[in-house]
Amino acid sequence: MDPTRTGPTRTRSTTPPGVGVSGSDRPRLAAHVRLTFSRTRQRKALLHPETVVVLNGSGAAILELCDGRHTVAEIVTELGARYETVPDDEVRQFLARLVARRWVELTDG
Amino acid sequence: MDSPFGLLAELTYRCPLACPYCSNPLNLADYQDELTTDEWLRVLTEAEDLGVLQCHLSGGEPLLRRDLVELVAHAHALGLYTNLITSALGFSRRKAEELRAAGLDHVQISIQADEPAVSDRIAGITSFRRKIEAMGVVKELGWPLTMNVVLHRHNIDRVADVLALAEEVGADRVELANTQYYGWAWRNRAALLPSRAQLEAAEAVARAAGERLRDRMDIIYVIPDYYSRYPKPCMGGWASRQLTVTPNGDVLPCPAAQSLPLPRASVREDSLERIWAESPVMTAFRGTDWMPEPCRSCPRREVDFGGCRCQAFLLTGDAARTDPVCHLSPDHDLVAKAVEAANAGSRDDDPPLVPRPHRPGPPPVARSRPGRPGARRRPG
């Protein structure tokens, strides 16, 4: 995940710490974040007021399942069926980074 | 060359506010021939074709454009993330509902200070209450709310109170943006630049609040580059990620670049795609080939891209020099002197703040275009 800053130059006052993501959590995109498809780049992208994250295939697949209904465990299973090499902790780390940025929210299972 | 991610659509430079730190150009009168609705619709379509994913609708005050709802609806239909950057004057409940229905994604509302009288004095108009009401409407209609506050010598001591207000109105994000010295802010630099002690206190408050409010609010603190050791990586590199279209259709890599002595490129004369790819205003400082020393051999040249071209131009008269903010710049004394003046023990003769006019008046203030390249310019 390599966010592209598109707003003016800025820095955070704090770096959010790592957040634990458990298998029973149900992630969903935060209200101010949107998943879109960039025709020009032929990639999915995550949009935020000041930032764009162009996603790779598995990143996009994970976020498409962040609908507030699928649990993290279900997302891992689903991804495992589609990709041979998407280990459980990679999905969790990816989601944890987005949760720490408040782009993804978790609800308990 | 990459595709741009964001379009900053400066719909108009007209504004009900008169903030002395405004980044709009000094020669406001040159931008009165605003693009028509059809021209803006075409710009948005061309921007999306070019790869733009985000559309920031700004100004001046974008709500002064009667076609704002139509422009938002079009941008939304194109799939763009739409972000309104507003003073909130003119953001009535009815207008808000229309914008919501048109698909507006996000609203950023400026506030000049936490205290009504101070905020109104800096804005040059009674506006504080209306801003707070508008923030309530934003939350009520289910939008995420960003509160923008430009920090300077006259409000930076109030950061704790500003953050308390942000909490009270339920802001999801707060941008504490130290003034960047372009446009009217450049003109008012001596009056706006805070002291080191003021900055350090404000940063400590922002940091502590960031920890405390971690789960509820994003606090974005925009660094004061005059006090930095290295320059900011301005716009992520010249004409690399973003483009700006001014009210009259000029296309620029950033909103401060009007003043640079580069040939104009206008959406009235050319397509956005050609301008982005070929026009001198985009290609002049793209990449690293243009760099002088000490940037050329610097290991940070792809980290900060030599800093800001507009700042180099304003301070030295030559846009191709290293940003004087950098301590390695041969022109760094220009910044050091400004900082020194801001930290002088007694400032009995506080420079006056010149408010930007709401709209161009006759005759406009001296144009911002400096004369000969190489000429040293002093802040106005």
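Q: How do helix α2 and helix α3 of chain A pack, at what angle and how far apart are their axes?
A: Helix α2 (residues 72-82) of chain A packs against helix α3 (residues 88-100) of chain A at an angle of about 125°, and their axes are 10 Å apart. Axes are lines fitted to C-alpha atoms, for helices over the stretch in contact, and angles between N-to-C directions run from 0 to 180 degrees. The model is a predicted one, in which local features need pLDDT of at least 70 and side-chain atom pairs count only at pLDDT 80 or more, while totals for chains, interfaces and linings use all residues. Residues are numbered from 1 along each chain as its sequence is written, and chains are lettered from A and ligands numbered from 1 in the order in which they are written.

Q: Why quote an angle and a distance?
A: Two packed helices are described by the angle between their axes and the distance between those axes.

Q: What does the angle make of α2(A) and α3(A)?
A: They are therefore oblique to each other. Angles under 35 degrees count as roughly parallel, over 145 as roughly antiparallel, 65 to 115 as roughly perpendicular, and the rest as oblique.

Q: Left-handed or right-handed, when α2(A) passes α3(A)?
A: The crossing is right-handed. That term applies if the near helix is turned clockwise from the far one by less than a right angle, and left-handed applies if anticlockwise.

Q: Which residues meet there?
A: Val72(A), Ile75(A), Val76(A) and Leu79(A) in α2(A) meet Asp88(A), Val91(A), Arg92(A) and Leu95(A) in α3(A). The residues of this contact divide into six nonpolar, no polar and two charged. Contact requires C-beta atoms, placed from the backbone, within 7 Å. Ala, Val, Leu, Ile, Met, Phe, Trp, Tyr, Cys and Pro count as nonpolar, Asp, Glu, Lys and Arg as charged, and the others, Gly among them, as polar.

Q: And where does α1 of chain A come in, relative to α2(A)?
A: The axes of helix α1 (residues 57-64) of chain A and α2(A) come within 10 Å and cross at roughly 140°. The two helices are therefore oblique to each other, and α1(A) passes α2(A) in a right-handed crossing. Ser58(A), Ala61(A) and Ile62(A) in α1(A) meet Ile75(A), Leu79(A) and Arg82(A) in α2(A). By class, this contact has four nonpolar, one polar and one charged residues.

Q: Stepping back, how many helices and strands has chain A?
A: Chain A has three helices and seven strands, and from the N terminus on its elements run β-β-β-β-β-β-α-α-α-β. Helices (H or I, at least four residues) and strands (E, at least two) are DSSP runs, numbered from the N terminus.

Q: What share of chain A is buried?
A: Of its 109 residues, 32% count as buried. A residue is buried if 20 or more other C-beta atoms lie within 10 Å of its own, exposed if 12 or fewer, and partly exposed in between, with C-beta atoms placed from the backbone.

Q: On to chain B: where are Gly60(B) and its cis peptide bond?
A: The cis bond joins Gly59(B) and Gly60(B), with omega about 15°. Gly60(B) is in the loop between β2 (54-58) and α2 (68-77) of chain B. A cis peptide bond also joins Glu293(B) and Pro294(B), where omega is about 5°.

Q: What is phi of Ala88(B)?
A: Phi of Ala88(B) is near 80°, a positive value in a residue other than glycine. Ala88(B) is buried, with 27 other C-beta atoms within 10 Å.

Methods. Two residues are in contact if their C-beta atoms, placed from the backbone, lie within 7 Å.
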